[in-house]
Amino acid sequence: MPTPPPFMRTCPQCAELLGALVEAFAQALTDPHYDGAERIQIALARHLADVHPQALPAPHTDGCPSCARYEELDPDSVFLREHLARGLFLPDELARLP
Ligand SMILES: [Zn+2]
Ligand SMILES: [Zn+2]
C-alpha cells in the first residue's frame with residue numbers, strides 16, 4: 001500500500017475508509033470469499049473524486065488504457081477522477097484495474 005497523502009489522515013471520512021480498507025485487506029487474507037475490500041475501494045475512490053478533486057494525481061502519461069478511454073469520453077468525468085483517486089491509496093497494479 002502506498003503512503004496516503006496527509007489530507008487523507010485529517011479528513012475524518014478518508015481516515016475512516018482507509019482504516020476500514022486496511023481491516024478488509026487483512027480479513028481477505030484469511031477469507032478468500034470476502035469481497036468487502038472491493039466495496040470500500042469504490043467508496044473511497046468515489047469520496048475522493050467528489051470531495052477532494054483538487055488533490056487527485058494527474059492522468060497517467062504512460063499509455064494507460066483507462067485514462068485514454070475516460071479522457072476520450074469526457075475529461076471531466078467522475079470515472080476518470082475515481083480511476084486517478086485509486087492511485088492515492090492502492091498499489092499501482094491494483095489502482096489501475098478497470
Ligand atoms: Zn476525505
Ligand atoms: Zn490511468
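What follows is a chat about the helices and the nonpolar core of a predicted model.

Biologist: Hi! Before we start, what kind of model is this?

Modeller: Hello! It is a predicted model.

Biologist: Thanks. How many residues does α2 have, and how far does it reach?

Modeller: Helix α2 covers residues 12-30, which is 19 residues, and its first and last C-alpha atoms are 28 Å apart. That is close to the 27 Å expected at 1.5 Å a residue.

Biologist: Which residues are buried in α2?

Modeller: Cys14, Leu17 and Leu21 are buried there. They sit on the same side of α2, because they cover an arc of only 65 degrees around the axis.

Biologist: And which exposed residues are on the face turned away from that buried side?

Modeller: That face of α2 carries Pro12, Gly19, Ala26, Gln27 and Thr30, which are exposed.

Biologist: What covers the buried residues of α2?

Modeller: The cover includes α1 (7-10) and α3 (36-51).

Biologist: On to α3, then. How far does it reach?

Modeller: α3 has 16 residues and spans 22 Å from first C-alpha to last, close to the 22 Å expected at 1.5 Å a residue.

Biologist: Which residues of α3 are buried?

Modeller: Ile40, Gln41, Leu44, Ala45, Leu48 and Ala49 are the buried residues of α3. Because they cover an arc of only 165 degrees around the axis, they lie on the same side of α3. On the other side, Arg39, Ile42, Asp50 and Val51 are exposed.

Biologist: What covers the buried residues of α3?

Modeller: α2 and α5 are included in what covers the buried residues of α3.

Biologist: At what angle do α3 and α5 cross?

Modeller: Their axes cross at roughly 115 degrees and come within 8 Å. The crossing of α3 and α5 is right-handed.

Biologist: Which residues meet there?

Modeller: From α3 there are Ala45, Arg46, Leu48 and Ala49, and they meet Val78, Arg81, Glu82 and Ala85 in α5.

Biologist: Which residues of α5 are buried?

Modeller: Leu80, Glu82, His83, Leu84 and Ala85 are buried in α5. The buried residues of α5 pack against α3 and α4.

Biologist: Now the core. How many residues does the largest nonpolar core have?

Modeller: The largest nonpolar core has 17 residues, and Leu44, Leu48 and Ala85 have the most contacts inside it. The elements giving two or more residues to this core are α2, α3 and α5 (78-85). α3 gives the most, with five residues.

Biologist: Which residues is Leu44 in contact with, leaving aside its neighbours within four places in sequence?

Modeller: With those set aside, Leu44 is in contact with Leu17, Leu21 and Phe89. Leu17 and Leu21 are also among the buried residues of α2.

Biologist: Nice link. Last topic: where is Glu72 found?

Modeller: Glu72 is found in helix α4, residues 65-73.

Biologist: Why does Glu72 count as exposed?

Modeller: Glu72 counts as exposed because it has 8 C-beta neighbours inside 10 Å; the cut-off for exposed is 12 or fewer.

Biologist: And how far apart are Glu72 and Gly87 in space?

Modeller: Glu72 and Gly87 are 20 Å apart, C-alpha to C-alpha, and 15 residues apart in sequence.

Key:
Residues are numbered from 1 along each chain as its sequence is written. Chains are lettered from A and ligands numbered from 1 in the order in which they are written. This is a predicted model: local features need pLDDT of at least 70, side-chain atom pairs count only at pLDDT 80 or more; totals for chains, interfaces and linings use all residues. Helices (H or I, at least four residues) and strands (E, at least two) are DSSP runs, numbered from the N terminus. The expected span of a helix is 1.5 Å times one less than its number of residues. A residue is buried if 20 or more other C-beta atoms lie within 10 Å of its own, exposed if 12 or fewer, and partly exposed in between; C-beta atoms are placed from the backbone. The arc is that of the directions from the helix axis to the C-beta atoms. Two residues are in contact if their C-beta atoms, placed from the backbone, lie within 7 Å. A nonpolar core is a set of buried Ala, Val, Leu, Ile, Met, Phe, Trp, Tyr and Cys residues joined through C-beta atoms within 7 Å. Axes are lines fitted to C-alpha atoms, for helices over the stretch in contact, and angles run from 0 to 180 degrees between N-to-C directions. A crossing is left-handed if the near helix is turned anticlockwise from the far one by less than a right angle, and right-handed if clockwise.
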